[in-house]
Amino acid sequence: MHDIDTVTAATIEKAAERLAGVVTRTPLEPSARLSSRVDAQVWVKREDLQTVRSYKIRGAYNFIVQLDEDVRARGVVCASAGNHAQGVAYACRRLGANGRVYVPGTTPRQKRERIATLGGAHIEVIVVGETYEDAFAAANEDAQRTGATLVPAFDDVRTVAGQGTVALEVIDQLGFVPDVVVVPVGGGGLLAGVGSWLRERHPEVRIVGVEPAGAACMAAALAAGRPVRLPELDSFVDGAAVREAGAVTYPLIRESGAELTAVAEGAVCTEMLAMYQSDGIIAEPAGALAAAALGSVVQVEPGQTVVVLVSGGNNDVSRYSEILERSLMHEGLKHYFLVGFPQEPGALRRFLEQVLGPEDDITRFEYVKRTNREMGPALVGIEIARSSDLPGLLARMDASPLQVERIEPGSPLFHFLL
């Protein structure tokens with residue numbers, strides 16, 4: 001059994017000893033693209049190349065390996081958006097334990113299949129609900145009913161200590177202490193571990209945690225002075241979409257002195273595409289969080305050494321169409337309108353000639369012809385070459401005789417369409 005009730009640099013260093021030979025010592029690579037963006041020396045810690053394609057194996061293994069044999073024999077359960085479950089599955093198979101993992105319906109198929117593959121006969125995958133909280137409630141009920149041990153995704157000192165081992169590797173690989181470390185944040189396990197170790201061993205390092213704008217539970221906790229439930233949750237950044245910060249992670253992050261900021265989901269998508277196209281890095285949304293914030297919501301001084309954590313690479317290729325769509329909208333290049341066309345020949349041609357600019361492109365057109373009225377509605381998606389082209393497009397729409405209604409991002413209809 002573990003004999004600690006908090007996380008210290010010493011407990012994280014002990015966890016690193018347990019993980020030696022189990023986890024991959026992932027590369028720390030210079031990023032010319034990010035360095036150019038902020039005029040600094042930016043390095044990326046590639047936890048997307050970890051044994052289970054994310055850092056989550058560190059906490060999961062450090063937790064399960066410390067269970068007494070009789071406790072481990074009763075099995076383990078966990079809730080996860082996908083990455084923690086893969087860590088648990090790998091640890092179970094390696095340690096000969098049996099486990100059940102509960103994942104929400106939003107977990108990409110690629111992650112569910114990887115969980116089953118990594119765990120083999122030792123793991124059962126159960127899909128329940130739509131959010132991490134739904135999965136956690138089911139896993140908690142399972143543990144109480146069966147006597148299995150619940151392996152927390154972030155809210156336990158053993159899990160946090162395991163995640164914190166990333167920081168030791170970074171300093172050892174870099175050979176000196178960086179000025180800034182930028183860490184993605186969901187429930188806070190990674191930031192709590194990294195922040196706790198750096199606060200003790202290298203307190204001069206500036207630590208920045210980055211949350212998704214639609215799931216900023218840790219910032220809400222810091223503002224309220226305690227963990228609070230977010231009334232609304234955007235689950236797109238599935239690896240960091242947590243409704244309530246952890247009771248263990250919140251005070252550790254508060255005491256670490258880490259800064260908290262948030263980045264829009266669309267900006268995350270833009271960064272994912274840049275990482276793929278320019279760097280050859282396949283990052284999941286949570287894996288691109290920290291990099292997306294750099295140079296936008298996170299500013300650094302010229303010439304500083306900055307380490308950005310790429311936390312995971314478990315992205316479902318089928319999501320790239322949505323990722324591209326969200327990126328274009330975030331960049332102000334994609335817009336949707338409801339257009340009322342008169343039921344007469346040539347109406348569409350006049351729209352194309354009089355309203356669209358020379359570089360505008362119709363990317364979606366859904367038209368329903370009405371035989372019992374004078375107007376027929378159409379959903380029109382338009383991609384423009386530059387965001388500065390939008391005022392001209394809107395002005396031409398206003399000047400035309402057509403009935404045009406812009407579908408604003410964030411509106412109920414917008415979410416229904418996309």
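Me: How many aromatic pairs does the count come to?
Reply: The structure is a predicted model. Rings of Phe, Tyr and Trp pair if their centres lie within 6.5 Å. By this rule, the number of aromatic pairs is three.

Me: Is the pair of Tyr-276 and Tyr-320 stacked, tilted or edge-to-face?
Reply: The ring centres of Tyr-276 and Tyr-320 are 5.8 Å apart, and the planes stand at 40 degrees. Planes under 30 degrees apart count as stacked and those over 60 as edge-to-face, the rest being tilted. The pair is therefore tilted.

Me: How many residues apart are Tyr-276 and Tyr-320?
Reply: Tyr-276 belongs to helix α13 (residues 265-279), whereas Tyr-320 belongs to helix α15 (residues 320-330). The pair thus links distant parts of the chain, and the separation is 44 residues.

Me: Is Tyr-320 buried or exposed?
Reply: The relative accessible area of Tyr-320 is 18%. Buried means under 20%, so Tyr-320 is buried.

Me: Which strand holds Phe-365, the partner of Phe-341?
Reply: Phe-341 and Phe-365 form a tilted pair, with 5.9 Å centre to centre and 55 degrees between the planes. Phe-341 lies in strand β11 (residues 334-342), so the pair ties together parts that are 24 residues apart in sequence. The strand that holds Phe-365 (residues 361-367) is β12.

Me: Which residue lies over the face of Phe-236 at 4.2 Å from the ring centre?
Reply: The charged end of Arg-319 sits over the ring of Phe-236, at 5.0 Å from its centre. The residue at 4.2 Å from the ring centre is Arg-326.

Terms used. Residues are numbered from 1 along each chain as its sequence is written. This is a predicted model: local features need pLDDT of at least 70, side-chain atom pairs count only at pLDDT 80 or more; totals for chains, interfaces and linings use all residues. Side-chain values use heavy atoms; hydrogens and water are left out. Rings of Phe, Tyr and Trp (its six-membered ring) pair if their centres lie within 6.5 Å; planes under 30 degrees apart count as stacked, over 60 as edge-to-face and the rest as tilted. Helices (H or I, at least four residues) and strands (E, at least two) are DSSP runs, numbered from the N terminus. Buried means under 20% relative accessible area, exposed over 50%, partly exposed in between (1.4 Å probe, protein chains only). A charge sits over a ring if NZ of Lys or CZ of Arg is within 6 Å of the ring centre and within 35 degrees of the ring normal.
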